Amino acid sequence: MLVLEALRIEQTDFHLSADLTVDTGDRVAVIGPSGAGKSTLLAAIAGFVHPASGRILWEGRDISGLPPGERPVSILFQDQNLFPHLSVSQNVGLGVRPDLRLSAPDRDRVDQALAQTGLEGLGDRLPGTLSGGQQSRVALARALLRDRPVLLLDEPFAALGPALKAEMLDLVATLSSRKRMTVLMVTHDPADARRFAPRTIVVAEGRAHPPADTGAILDTPPPALAAYLGK
Amino acid sequence: MADRAQPVARTLATGGVPAALLLALTLGTLAFVAVRADGFSALGPADWVAVRFTLWQAFLSALLSSLLAIPVARALARRRFPGRGLLIALLGAPFILPVIVAVMGLLAVFGRAGLLNDGLALLGIPPVSIYGLGGVVLAHVFLNLPLAIRLLLQSWLAIPAERFRLAASLGMGPQEVSRFLERPMLRAALPGIFLAIFLVCLTSFAVALTLGGGPRATTVELAIYQAFRFDFDLGRAALLAVIQATLSLTAAIIALRVTVPAAFGAGLDRPIERWDATGGLLKLQDTTAILLAAAFLVMPLAAIVLRGLPALATLPGPVWQAAARSLTVALASMSLTIALALPLAIATARARSGLARGLDSLAMLPLATSPLVLGTGLFLVLRPVADPVALALPVTALANATLALPFALRILLPAAHAAEADFGRLADSLGMSGFARLRLMTLPRLARPLRYSAALAAALSMGDLGVIALFSDPDHATLPLQLYRLMGAYRMSDAAGAAVLLLLLSFTLFWVLDRGGRPDARA
Amino acid sequence: MRLSPMIAGFLSALAPFAALAEEKPVLTIYTYDSFVSDWGPGPAVKAAFETYCACTVEFVGAGDGAALLARVLIEGADSPADVVLGLDTNLTAEAAASGLFAPHGQNPELDLPVSWSDPLFLPYDWGYFAFVYDRTKTVSVPADFEALAASDLKIAIQDPRSSTPGLGLLLWVRKAYGDRAAEVWSALSDNIVTVTPGWSEAYGLFLNGEADAVLSYTTSPAYHLIAEGDDTKAAMPFTEGHYLQVEVAGRLAASDTPDVADRFLAFMTTDAFQSVIPETNWMYPAKTPAGGLPMGFETLVIPSEALLFTADEARDIREKALAEWQTALSQ
């Protein structure tokens, strides 16, 4: 269980509060108007933004004070998910050990992750030589290897075409359910939410609402979301 | 992102040791000299004249070097031509020459008996004299323009290829590229470059004196020299050194305040291609800039080489021994520079902005320090505990490393900032810390500037006249010292040969470390 | 190609140098850098003295004469130096006032153009300051400072604040012209190409054609004649006389081997030391050796009159002379 307990984030001209629980293994969309604080919410969970008050708990343990790398969390950003000077295998290997001192079994795991994400044979390439979809897969392969129970997706697939994006979401869905990962995904697209996430957190007007059934929320949205969705 | 700025404690853990060492070597040595003084005599009007002249010539030299560097760096950034690598490498050469050698080279071109006046005489035009403020500034530009060009070129090439692609896709011409990409870059890079050159020229002594034409061109550093040697007045020397350091720090604070960091974001290390510079007029402009700069910088160097080459093969044994010694000192000094500059750059890049500015100004201190005061202070500190003669070479390496540090930091800092801004969050999210982060993120991202700063540090050390006469060990002279000794023994042609040897060694060292001057080579 | 010195040089410099256990007393001599260089008198003097003193001579080079004195003054009574060699009479007043030096108690016969009676310092060589020019380029040679000032010859001089020859020139003009010195400097100012930090820079400028003449010594042409077989360089004889530079050495009162130090001072005026001087330091030996001066020295200009302030006079007049020099050349 991921619990945001009386969480309050304050920045210049901006605040966001959240008091909610996400069940282990759930896939949750985070949806709301631009600038409402969706990315900030994920950044707080990942440890890049320090809340003014409140706590973040995972399976009962307070993780608010941990540095980003020690949280039970993997995050994929909108961009800059890969080091351009490291090969695909090395980028993925960072998910096993952040110092890249990999044993033979570790390297096998890297190869497996590459295979699972459809990147066989591309291990020695540099990210700059890959297509956008392939780059997303590399980041995903690394997240798989990191094996953290929570996966945060801050629109990493936003730049991909609809078919490719759908394919990536299905891949995330398959892989995360196999590992029983809890996934929070920021999105602008209601179709993505319906396709990927049974539950949805609405972020609007300074507040992140507790997750509710995605279909119900999108069919009868609360007023702030309705305006954003154009309903 | 301010939120990711490191707490003070971690900044100090990374940058604390180099910062403390810097403080000890600069302000510490100054304090030691002041303590030994028997009181402070007031400064006279002549001293204030010296302060004014010092500031004015340093300002002009820095301004001209920075401004002239822009067209040349731009041309080098957007053109590819045979010999480009060699030219960029040659740009390193003037900066690393011992002053007297550089001056002789300049005079061979611009002096009374130089090429320029020979040419004018053929045209029936009366000779021009460069002695005076003009000569001082000319020499400072000769010595520092190459550094400005290299630093600017580095910043130019740090604009990711993706931004130029975007610019091209938006149909931007050279003017728009300049406005949206190049000017913000210049805004970020120029104040630091101006500052570095301003500070180098602030402590100028031999150039200002030799080309200044007389006591009108008295600098503060000469006044310090006079206080030490002519008046035996440590108090006055310390006071003047305090003034010099205050001027420098004030300049540093102003320059760093007006610096606005550029935010170009990250790229994927694609090779840079330029779509905006295909016009004929621009090509002509770039060609002219490159040719003029090359002529200005290469002709004096060529004069030095031509004059000294005949004596090179027959140089006496002690000169070769000194060459080997200088190489050793240069490599030690280079390692030390990097060992100090890298943690300082990383700490500065990660620190909160106030602290970062503090560290950045601190790293400029060596440029503001009078070498004479540094040497004397160090001598006063070390003499009670060790034999200065035995310490000659280590102290020389340490002093050279300290003096190279500001340049190394100027070179490393933009890349360190960019690495943190672009990939710091990713590294944090993956839990990369300590040596893993250094090895997998920082070093690869900084490889190019690291090589350049190592090359510069080594070459600077080769050319530096063992800062410190007080520590000289007659049996273990360095190459620049042997060169001066040859001159002192009337052996001017051997000295010219030694100058060529020095130039060749420095240049080779620079070339090898900098990988043939390819600032855009892959890491 | 002479490869051997190069290889030998690299090897010997890179080899770790082992410190030999020394039983013999060590005589530490502070001197200026060009004295100890491989081309100066140092190596020969060291070898000669060590053959019969049963001691080890250790030279410490410290810039030039003024830097040398500054160093001794900074170190004070616990200076490791036994002997300081290389001050000139323009510096000895300060050195004497420091109380760091002990009387030498010797009265050797000397061949100086002036009489010598300083109880603390003994001369080892001397020379006349002079403007050196190229005979093939300059035909009409000025006979004094005023003629030089009236000519359109360009000269390179040294800064008195950073160079001992520069200081010597300052005192030369002062000694020759007294209170008219400022006037002479004003007249000279348009002849001065530039003022360099040290002797080497000025001499280099002259040899490279930047100046028609350079402040140096009457003995400078001897180097070109003897070492290079070049007789084109000559000194300009000035009718008002030439200022002397007398280079001296003294023993420090706190020396831990005073007897060896005294023996060195005595050795200094013997032939073994003095015969080294002319062709390494290119100055006149303080006591002409039995073999006489080397061939070539007889061609040198001998000034009609030797000018010299006493050490005390030099100290007292220095500041005033510097001020008038600065004022005259700053206009």
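How many residues of chain A are in contact with chain B, and how many of chain B with chain A? The count is 21 residues of chain A and 22 residues of chain B. This report describes a predicted model.

## How the chains meet

The side of chain A that touches chain B has, by class, 13 nonpolar, 6 polar and 2 charged residues. Chain A and chain C do not touch, and their nearest C-alpha atoms are 38 Å apart.

There are 2 pairs of chains in contact, and chains B and C share the most contacts. In that pair, 50 residues of chain C are in contact with 47 residues of chain B. Several elements of chain C each supply at least two residues of the side that touches chain B: the helices α1 (3-14), α2 (33-36), α4 (65-75), α9 (199-207) and α13 (311-330), and the strands β2 (56-61) and β7 (192-196). The largest share of this side comes from α1(C), with 8 residues. Sorted by class, the side of chain C that touches chain B divides into 24 nonpolar, 16 polar and 10 charged residues.

## Chain B as a whole

Chain B has 523 residues, and buried residues make up 59% of them. Its secondary structure comes to 20 helices and 0 strands. Among the contacts in chain B between residues at least 6 apart in sequence, 86% join residues at least 24 apart.

## Helix packing around α12 of chain B

Two helix pairs in chain B involve α12(B), which covers residues 234-258. In one pair, the axes of α11(B), residues 220-229, and α12(B) come within 8 Å and cross at roughly 165°. Angles over 145 degrees count as roughly antiparallel, and α11(B) and α12(B) are therefore roughly antiparallel to each other. Their crossing is left-handed. From α11(B), the contact is made by Val220(B), Ala223(B), Ile224(B), Ala227(B) and Phe228(B). From α12(B), the residues are Arg236(B), Ala237(B), Leu240(B), Ala241(B), Ile243(B) and Gln244(B). The residues of this contact divide into 9 nonpolar, 1 polar and 1 charged.

In the other pair, the axes of α9(B), residues 174-202, and α12(B) come within 9 Å and cross at roughly 170°. That angle makes α9(B) roughly antiparallel to α12(B). On the α9(B) side, the contact is made by Pro191(B), Gly192(B), Phe194(B), Leu195(B), Phe198(B), Leu199(B) and Leu202(B). On the α12(B) side, the residues are Gln244(B), Leu247(B), Ser248(B), Ala251(B), Ala252(B), Ala255(B) and Val258(B). By class, the contact of α9(B) with α12(B) has 11 nonpolar, 3 polar and no charged residues.

## A loop residue in chain B

Is Thr369(B) buried or exposed? Thr369(B) lies in the loop between α15 (353-368) and α16 (371-382) of chain B. It counts as buried because 27 C-beta neighbours lie inside 10 Å, where 20 or more are needed.

Leaving aside its neighbours within four places in sequence, Thr369(B) is in contact with Thr26(B), Ala245(B) and Leu374(B). Thr369(B) and Ala311(B) are 58 residues apart in sequence, and their C-alpha atoms are 36 Å apart in space.

## Domains of chain A

Chain A is divided into domain 1 (23-49 + 67-72 + 148-231) and domain 2 (84-147). The C-alpha centres of domain 1 and domain 2 of chain A lie 24 Å apart.

Between these domains, 12 residues of domain 1 are in contact with 12 residues of domain 2. On the side of domain 1 of chain A that touches domain 2, helix α5 (residues 162-179) gives the most, with 5 residues. That side of domain 1 has 10 nonpolar, 1 polar and 1 charged residues.

## Domains of chain C

Chain C is divided into domain 1 (24-126 + 245-291) and domain 2 (127-244 + 300-330). Their C-alpha centres lie 26 Å apart.

In chain C, 18 residues of domain 1 are in contact with 20 residues of domain 2. On the side of domain 1 that touches domain 2, at least two residues each are supplied by α4, α5 (92-97) and β10 (242-252) of chain C. Of these, α5(C) gives the most, with 3 residues. By class, this side of domain 1 of chain C has 9 nonpolar, 5 polar and 4 charged residues.

Methods: Residues are numbered from 1 along each chain as its sequence is written. Chains are lettered from A and ligands numbered from 1 in the order in which they are written. This is a predicted model: local features need pLDDT of at least 70, side-chain atom pairs count only at pLDDT 80 or more; totals for chains, interfaces and linings use all residues. Domain bounds come from an automatic or database domain assignment. Two residues are in contact if their C-beta atoms, placed from the backbone, lie within 7 Å. Helices (H or I, at least four residues) and strands (E, at least two) are DSSP runs, numbered from the N terminus. Ala, Val, Leu, Ile, Met, Phe, Trp, Tyr, Cys and Pro count as nonpolar, Asp, Glu, Lys and Arg as charged, and the others, Gly among them, as polar. Axes are lines fitted to C-alpha atoms, for helices over the stretch in contact, and angles run from 0 to 180 degrees between N-to-C directions. Angles under 35 degrees count as roughly parallel, over 145 as roughly antiparallel, 65 to 115 as roughly perpendicular and the rest as oblique. A crossing is left-handed if the near helix is turned anticlockwise from the far one by less than a right angle, and right-handed if clockwise. A residue is buried if 20 or more other C-beta atoms lie within 10 Å of its own, exposed if 12 or fewer, and partly exposed in between; C-beta atoms are placed from the backbone.
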